[in-house]
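Have the structure open while you read.

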Amino acid sequence: MEPVLQINNLRKVIGKKTIIHDLSLDVFAGEVFGFLGPNGAGKTTTIRMIVGLMGITSGEVLINGISIKKDFAKAIQHVGAIVENPEMYKFLTGYQNLLHYARMGKGVTKERIDEVVQLVGLEKRIHDKVKTYSLGMRQRLGLAQALLHKPSLLILDEPTNGLDPAGIREIRDYLRKLAKQEGLAIIVSSHLLSEMEMMCDRFAIIQHGRLVSIESVRELSKLSYKVLLNVEPVEQAVRVIKRICSEAAIQVTDQGTEVAIKYDEIPILNAALVSEGVKVYGIQTVTKSLEERFLEMTGGNEIA
């Protein structure tokens with residue numbers, strides 16, 4: 001399958017400093033792809049080059065096979081984006097803003113405007129002036145504007161910024177729905193690992209402008225956890241563990257019984273131990289969490 005977005009050896013140099021170092025990756029239709037990295041890692045710089053807001057020093061960006069450098073107007077027709085905060089005319093209503101942006105494109109009907117308004121959940125406030133909107137509502141309006149022309153690539157820089165938990169979930173569910181049902185390729189930039197795990201199919205970890213790794217969320221969810229069990233009697237517990245998790249690595253130490261199992265097997269094992277009369281005084285995860293792994297890979301709180 002041909003990628004919607006192809007980034008080949010992308011580099012950005014400002015003065016004597018290289019901001020982005022030979023970045024290469026592909027994004028396909030139907031997937032939510034994350035740019036994950038600490039603040040200052042180069043996520044927004046990369047996005048700005050993709051959408052033409054910043055010049056490319058070297059390398060190539062192709063959208064539906066069309067080069068941003070060689071035919072920008074044709075390539076950018078396939079892109080919808082919110083870079084940093086969505087900017088709207090605050091003295092106009094939400095609907096008037098969408099109508100204004102619709103006139104800039106071709107073939108955007110009033111029916112399409114009504115459709116995107118409903119999709120982002122702004123029906124009750126769309127005719128209010130934008131100056132009365134909360135940050136979360138402006139995010140929704142920006143998302144509606146980005147979708148007006150039915151792009152094949154949607155790029156969102158921190159899309160859940162300023163949203164309450166209900167709004168974050170709605171946006172997350174909606175983006176996944178767009179990707180799967182509409183075949184849209186979506187790029188989401190964030191530094192929140194928990195959101196990426198729930199929202200994305202794959203994500204690229206970026207640090208100091210370099211691609212550290214591209215990870216599949218599905219594969220990460222299969223990683224084994226090492227848990228420390230405080231149980232009695234130990235011998236009986238070990239027999240239960242071997243029966244329930246036949247491939248689990250077991251080690252009895254002075255601190256307790258260590259078992260390497262998958263995350264979703266932990267409650268199953270706990271229930272089996274209790275049903276067999278084993279006393280479970282505690283279950284503690286001793287393997288580094290995904291968040292800790294990410295912080296280790298990107299240098300913790302270090303600023304890029």
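Start with the largest cavity: Ile82, Gln139, Arg140, Leu143, Leu156, Pro159 and Ile171 line it. On a 1 Å grid over the protein atoms alone, a cavity is a set of points where a 1.4 Å probe fits but cannot get out, while a pocket is an open set with protein on both sides within 12 Å along at least five of seven lines; lining residues have an atom within 4 Å of a point. Helix α5 (residues 135–147) gives the largest share of this cavity's lining, 3 residues.

A quick note on the source: this is a predicted model, where local features need pLDDT of at least 70, side-chain atom pairs count only at pLDDT 80 or more, and totals for chains, interfaces and linings use all residues. Residues are numbered from 1 along each chain as its sequence is written, and side-chain values use heavy atoms, with hydrogens and water left out.

Here is the space in each (the volume filled by probe spheres set on grid points, which are joined across faces, edges and corners):

| Space | Volume |
|---|---|
| Largest cavity | about 50 Å³ |
| Largest pocket | about 840 Å³ |

Of the 25 residues lining the largest pocket, Val79, Gly80, Ala81, Gln145 and His149 are the closest to its centre.

Now back to Leu143, one of the cavity's lining residues. Skipping neighbours within four places in sequence, Leu143 is in contact (heavy atoms within 4.5 Å) with Ile82, Val120, Leu154, Leu156, Ile171, Tyr174 and Leu175.

Notes:
Helix = DSSP H or I, 4+ residues; strand = E, 2+ residues; numbered from the N terminus.
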